[in-house]
Amino acid sequence: MSSAALRRHLLRLPARRRLLCASSSSSPPLAPTHGGHGPAAAGPGVVELNPPRGTRDFPPEEMRLRTWLFDHFREVSRLIAFEEVDFPVLESEALFVRKAGEEIAEQLYSFADKGGRRVALRPEITPSLARLVIRRGTSAPLPLKWFTIGQCWRYERMTRGRRREHYQWNMDVFGVPGVRAEAELIQAIVLLFERLGVASSDVGIRLSSRKVLQVVLDMHSVPRHLFTQVCVIVDKLGKMSRDEIERELISTGLPSEAVQGIIDVLSLKSLSELEQVLGSGAAEAVADLKKLFSFAEHYGYADWICFDASVVRGLAYYTGIVFEAFDRQGELRAICGGGRYDRLLSTFGSEDVPACGFGFGDAVIVKLLKEKGLLPHLSRQIDDIVFPLDGELQGPASCVTSSLRKNGRSVDLVQDKRLKWVFKHAERVNASRLVLVGKSEWERGMVRVKILSTREEFEVKAGELQ
């Protein structure tokens, strides 16, 4: 079969079915990739047309939506005076394997490359950011206010709003020890919600501090090396029943008295209750939180935030205030989350710098916006369609097209079509104008312009068309 015939054959196949690839005798058949549907195995030469399970394609209509969301991420970051950075998706595996018990270490897409080095597709962005901070050293004056939008990979059970890859907006501050940094980051989150049309009645932001849980463990003489495991388990509150959480905590070796104390404290929803239960032991955590709530009043987002002692976040490196955004109907997983990680750099052999940040994924917010009817209808839109009315006028039409593009207009040059098709195409792509290059007009140095919204039609000199 010729290549042209093969292309015609493939185009006739349904979009979501398997196709049989033509392969030459010198080339081995392609191995199947296991997508979200269909059998796990297939015969030689058969390729799954769905993307691998837990991943996505972005056809034009989905890409327009992604670009729209990312533009909001970037604009909010600009408003808070952050600079954009980027990192490789492929990193050293050691960057993400920090402490035993972290789920993230078990969810890595990791492998040995052809040089025998252990590498991984990044499951999160903060360690890559920390690596760059260390690499820059003293050449980067503090404070650093950096943001990035990147793809992350985790092999985990798929749930509503959770895939095995997602794009994440990260904002991080290095070199600010006080809670002013957290206040700025939370304002960025609130600004994004407001720009997207989400109200504080739809979404809230829970705040707590890792120091609270540490005080509870110290009260019950729980060894410090169990802190990370306890955080990972407690982070499942809301996803698992209280009985299941208690059983997992007991399985770590914690006495039942300590487990009960942890559960009781994590059920607290006010700072006054926290002070009553923990007394002076929680003074530092309470002072930080009170100051953050005071900042919230001044920034004007106090109605968005609330204290919730159950918020601990599952990553080992958090050291102080932690927070996460949630939908108030309780139907979706956390929309975003973050906190302070003042001791992350030392885990990579560098001197610590006070730091905090957050990660905001694309999947859950799009789900929320869809359910709230807040997703925009983003149709394709171009400025002009240029159409030669005669095959001999393709050269002049190309000249007109090039001139318009140099003036900053998006132009679709259409050839070898009927005029009726051109008008329908113009409607599909929401074109503003139709520029017709006709023989008699061109001989006079003119082109005919049709304003498609008003149906107004006129001639203009080709050299003056803008």
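Of the contacts in the protein with a separation of 6 or more, 65% are between residues 24 or more positions apart; contact means heavy atoms within 4.5 Å. The model is predicted, with local features requiring pLDDT of at least 70 and side-chain atom pairs pLDDT 80 or more, while totals for chains, interfaces and linings use all residues. Residues are numbered from 1 along each chain as its sequence is written, and side-chain values use heavy atoms, leaving out hydrogens and water.

Colour by secondary structure to see 15 helices and 18 strands; these are DSSP runs numbered from the N terminus, helices being H or I with at least four residues and strands E with at least two. Of the 466 residues, 46% count as buried (under 20% relative accessible area; exposed is over 50% and partly exposed in between, with a 1.4 Å probe and protein chains only).

**Helices H10 and H11**

Select residues 271-278 (H10) and 283-299 (H11): their axes are 11 Å apart and the packing angle is about 170°. Axes are lines fitted to C-alpha atoms, for helices over the stretch in contact, and angles run from 0 to 180 degrees between N-to-C directions. H10 and H11 are therefore roughly antiparallel, a label for angles over 145 degrees. Show side chains next: Leu271, Leu274 and Glu275 of H10 meet Val286, Leu289, Lys290 and Phe293 of H11.

**Ser310**

Move to Ser310, in the loop between strand S10 (305-307) and strand S11 (321-327). Is Ser310 buried or exposed? Ser310 counts as buried because its relative accessibility is 18%. Its side chain makes a polar contact of 2.6 Å with that of Asp308 (a pair of N or O atoms within 3.5 Å; within protein, one must be able to donate a hydrogen and the other to accept it, and residues adjacent in sequence count only if both atoms are side-chain atoms). Beyond neighbours within four places in sequence, Ser310 is in contact with Val234, Leu237, Leu266 and Lys269.

Select residues 362-371, helix H12, where Asp362, Ala363, Val364, Ile365, Leu368 and Leu369 are buried. These buried residues pack against several elements, including helix H2 (60-79), helix H5 (180-196) and strand S13 (355-361).

Finish at His377, in the loop between H12 and strand S14 (384-388). With 74% relative accessibility, His377 counts as exposed.

Technical notes. Parallel < 35°, antiparallel > 145°, perpendicular 65-115°, else oblique.
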